[in-house]
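Dear colleague,

Below I am passing on a structure that I would like you to read slowly, with the sequence beside it. My notes on what was found follow directly after it.

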Amino acid sequence: MADDSSRHSYNGFNFLVTFDAVTLSFQEVTGLDMETEPIEYRQGEKPPVTSTFATIKMPGIRRGHVILKKGVFRGERSLLSWFDDSKTNTIKRKAVTITLLDEQGEPVMVWKMSNAWPVKIEGPGFKASGNEVAIESIELAHEGVTIE
């Protein structure tokens, strides 16, 4: 029987997010996935073998967006500043790293987004009868995610 002592699942609440060399605290990270759009075509020189027409499928453009959510803090404007930079048509693309940590704070898995830039920023919602923390979010486009 195989030794399962190396198999261990990790808590999803112990992680770091780093933009270039700056580490920020976030409450939630979603969208660490990539999707490839299929391109379908039918070869013109070959008649269908059966009575049904079938297409050939090839991988197309990859896409994915990551959404980061964090509490609002006085004076913390780094995400808004990054988003505002895209208004001047001088988008500042950054390397973004998300690191899952174990109980001792050691890296378990690392997701690296290349050439990320903000496409959407969302301020907190307010509710007079609520007691939730004010949360802002930023949505990042990127040119690929690698996992280490």
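Lysine 92 is partly exposed, with a relative accessible area of 46%, where buried means under 20% relative accessible area, exposed means over 50%, and partly exposed lies in between (1.4 Å probe, protein chains only). Its partner in a salt bridge is aspartate 85, with the closest N and O atoms 3.6 Å apart; a salt bridge here is a side-chain nitrogen of Lys or Arg within 4 Å of a carboxyl oxygen of Asp or Glu. Aspartate 85 also counts as partly exposed, at 24% relative accessibility.

Before you go further, please keep in mind that this is a predicted model, in which local features need pLDDT of at least 70 and side-chain atom pairs count only at pLDDT 80 or more, while totals for chains, interfaces and linings use all residues. Residues are numbered from 1 along each chain as its sequence is written, and side-chain values use heavy atoms, with hydrogens and water left out.

A search of the whole structure finds seven salt bridges. One of them joins glutamate 40 to lysine 57, with the closest N and O atoms 4.0 Å apart. Because glutamate 40 lies in strand β4 (residues 35-41) and lysine 57 in strand β5 (residues 56-63), this pair ties together parts that are 17 residues apart in sequence; helices (H or I, at least four residues) and strands (E, at least two) are DSSP runs, numbered from the N terminus. Glutamate 40 is partly exposed at 47%, and lysine 57 is exposed at 53%.

Another salt bridge links the side chains of glutamate 136 and lysine 70 (3.0 Å, N to O). Glutamate 136 belongs to strand β9 and lysine 70 to strand β6, so the pair connects parts that are 66 residues apart in sequence. Both of these residues are buried, glutamate 136 having a relative accessible area of 17%. Beyond its neighbours within four places in sequence, glutamate 136 is in contact (heavy atoms within 4.5 Å) with residues including Leu68, Lys70 and Gly71.

Leucine 68 leads us on to the largest nonpolar core, which has 17 residues, and those with the most contacts inside it are Val17, Phe19, Phe26, Leu68, Val96 and Leu140. Such a core is a set of buried Ala, Val, Leu, Ile, Met, Phe, Trp, Tyr and Cys residues joined through side-chain atoms within 4.5 Å. Among the elements that each supply at least two residues of this core are β1 (15-19), α1 (78-85) and β9 (135-141).

With best wishes
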